[in-house]
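Please open the model in a viewer and keep the sequence panel at hand.

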Amino acid sequence: IPQSMVMGCPLQQPLEQSLLGKEFAASTAPTSPMQTPSVECMESCCCYYVIAMPVDASAVPSCGPATMDVQALPQVNYATFAAQEPQEAFPGHFPPALDDSQWWFQNQGPGDFIDQSCCDTVMSAGGSPGSKRGPGSALARRQRRQRALQQQRLQRHAARHDSDKAHAGAADVELAAELTRQLEKGGALRQEASGRLSEPSLMRRLSFAPAGCRAVQLALEVADRSSAAQVAAGLQGSVSDAIGSPNANYVVQKILTVLTPQEAPFIAEELQWAGPALACHEYGCRIYCRLLENAAEDESTVRLIDSALAEVDVLLTHPFGHHVVEGVLEHGLARQQGEIIPVLRKGVMRTANSRPGAYVLEKALLYSSLEDRRALASDVLAALPSELHGLMRSQLGCMVIRAMLRSLPAVAQQVRQQLTEPRLMSQLETTKHGRRLLASAGLSSVSDSSSAGAGEEA
């Protein structure tokens with residue numbers, strides 16, 4: 001097989017380890033590092049090569065070269081072909097074979113088009129590397145110069161962008177300070193500032209800036225309701241982006257605090273478009289909480305919460321989603337609270353031992369219905385003594401137990417009976433959260449008694 005037909009060419013898939021490839025690599029004596037790879041290199045798939053050999057198109061089986069019968073290939077006088085071969089072959093284009101057969105490329109079908117751009121090196125008939133696409137060719141030098149110029153243009157553009165951004169940021173800081181002074185003075189100056197912030201582009205730009213978002217929040221807070229609604233309308237169409245911003249999300253929260261859903265209906269609409277996944281966002285969970293605090297019974301809020309509670313099992317232990325569940329337990333509808341309690345009871349001890357779940361369980365023990373609180377407390381107290389005492393010794397568990405003490409009188413009495421166990425009490429006295437739990441239960445610890453006695457003696 002002529003060595004000129006071996007070209008370094010990256011393929012989409014590794015070269016198949018066929019018998020033909022191994023025989024070719026073993027029978028060819030490389031005269032240059034850029035020539036044929038060794039058998040070990042081919043078997044490890046570290047280098048990918050295209051091997052060209054003259055065969056009859058009709059002799060190529062449809063199953064590919066991995067099952068090709070070597071004896072079935074037509075015999076060609078390769079030495080005669082190598083002697084008559086051109087000194088330089090263009091990548092992707094080869095002269096016809098001596099027997100008028102087609103060139104067939106391993107891993108490609110007969111007659112397939114070979115992309116010339118993927119061939120980087122061409123071997124001449126004498127075995128020396130060609131220079132048509134080599135690293136020292138004029139084409140390669142021109143491409144390197146073009147890349148260097150392009151990199152310089154990108155750097156200049158980035159520098160101008162940073163400079164313009166810095167100037168714009170400084171101008172926004174001055175504008176925000178001026179608007180804040182006008183809003184604080186009141187009267188005509190406040191109306192003028194509110195009118196300027198009613199311009200959507202200005203309001204949107206300042207909302208996403210650290211200093212500007214404070215000025216916008218102040219305008220929403222001190223302006224009359226109609227002016228505040230005009231200012232809030234500047235975020236219409238950008239609510240999702242604003243929620244994802246560390247600055248603009250506070251503006252959205254302020255809008256939900258000072259305006260009703262009817263005065264800013266676009267907030268709930270765009271939240272519905274964003275989907276319930278926003279409840280698990282670092283800032284999106286805050287928006288859900290503000291909606292529950294200020295408009296839990298509004299129809300649009302009810303739809304949003306219902307869609308979010310479809311994944312309540314995920315929200316319970318999510319670092320941000322659990323805040324939404326807590327808001328539902330504290331401010332949501334009774335029907336929505338009833339959807340959370342059964343999920344909590346399925347693994348109450350597992351939930352109590354996780355940080356997000358402990359906060360949710362605390363809210364459930366304080367704000368759910370009497371029947372639900374009694375059922376949750378019974379599930380916790382019915383756990384094994386080792387699990388219950390371990391929960392009481394942990395910092396998160398102490399929070400849950402304190403909520404049980406505040407839940408129902410009968411439940412509090414059962415918790416005090418568990419806390420009077422001598423070994424458990426001695427262990428609780430060694431930690432700060434344990435002493436707080438004993439104090440909440442009205443149980444004096446040994447250390448408190450000894451310290452009180454020492455004070456009397458003094």
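Begin by selecting helix 13 (residues 299–308), where glutamate 299 and arginine 303 stand four residues apart and are thus separated by about one helical turn. Helices here are DSSP runs of H or I of at least four residues, strands are runs of E of at least two, and both are numbered from the N terminus. The model is a predicted one, in which local features need pLDDT of at least 70 and side-chain atom pairs count only at pLDDT 80 or more, while totals for chains, interfaces and linings use all residues. Residues are numbered from 1 along each chain as its sequence is written, and side-chain values use heavy atoms, with hydrogens and water left out.

Display the two side chains: glutamate 299 forms a salt bridge with arginine 303, with 3.3 Å between the closest N and O atoms. The term denotes a side-chain nitrogen of Lys or Arg within 4 Å of a carboxyl oxygen of Asp or Glu. Glutamate 299 is exposed at a relative accessible area of 58%, whereas arginine 303 is partly exposed at 44%. Buried means under 20% relative accessible area, exposed over 50%, and partly exposed in between (1.4 Å probe, protein chains only).

Next, select helix 16 (334–346). Which of its residues are buried? They are Gln336, Gln337, Ile340, Ile341 and Leu344.

Move to leucine 333, in the loop between helix 15 (321–331) and helix 16. Leucine 333 is partly exposed, at 23% relative accessibility. Apart from neighbours within four places in sequence, leucine 333 is in contact with Ala296, Glu297 and Val302, contact meaning heavy atoms within 4.5 Å. Between the C-alpha atoms of leucine 333 and glutamate 297, which are 36 residues apart along the chain, the separation is 7.3 Å.

Now show helix 15 together with helix 18. Their axes are 9 Å apart and the packing angle is about 0 degrees. Axes are lines fitted to C-alpha atoms, for helices over the stretch in contact, and angles run from 0 to 180 degrees between N-to-C directions. The two helices, helix 15 and helix 18, are therefore roughly parallel. Side chains to display include Val325 and Leu329 of helix 15 and Tyr359 and Val360 of helix 18, which are among the residues making the contact.

Two further salt bridges deserve a selection. Glutamate 178 and arginine 196 meet through their side chains at 3.5 Å, N to O. Glutamate 178 lies in helix 4 (residues 138–185) and arginine 196 in helix 5 (residues 187–197), so the pair ties together parts 18 residues apart in sequence. The other bridge joins the side chains of lysine 254 and glutamate 221 (3.6 Å, N to O). Here lysine 254 belongs to helix 10 (residues 248–258) and glutamate 221 to helix 7 (residues 210–222), so parts 33 residues apart in sequence are tied together.

The protein holds 25 helices and three strands, and 43% of its 458 residues count as buried.

Conventions:
Angles under 35 degrees count as roughly parallel, over 145 as roughly antiparallel, 65 to 115 as roughly perpendicular and the rest as oblique.
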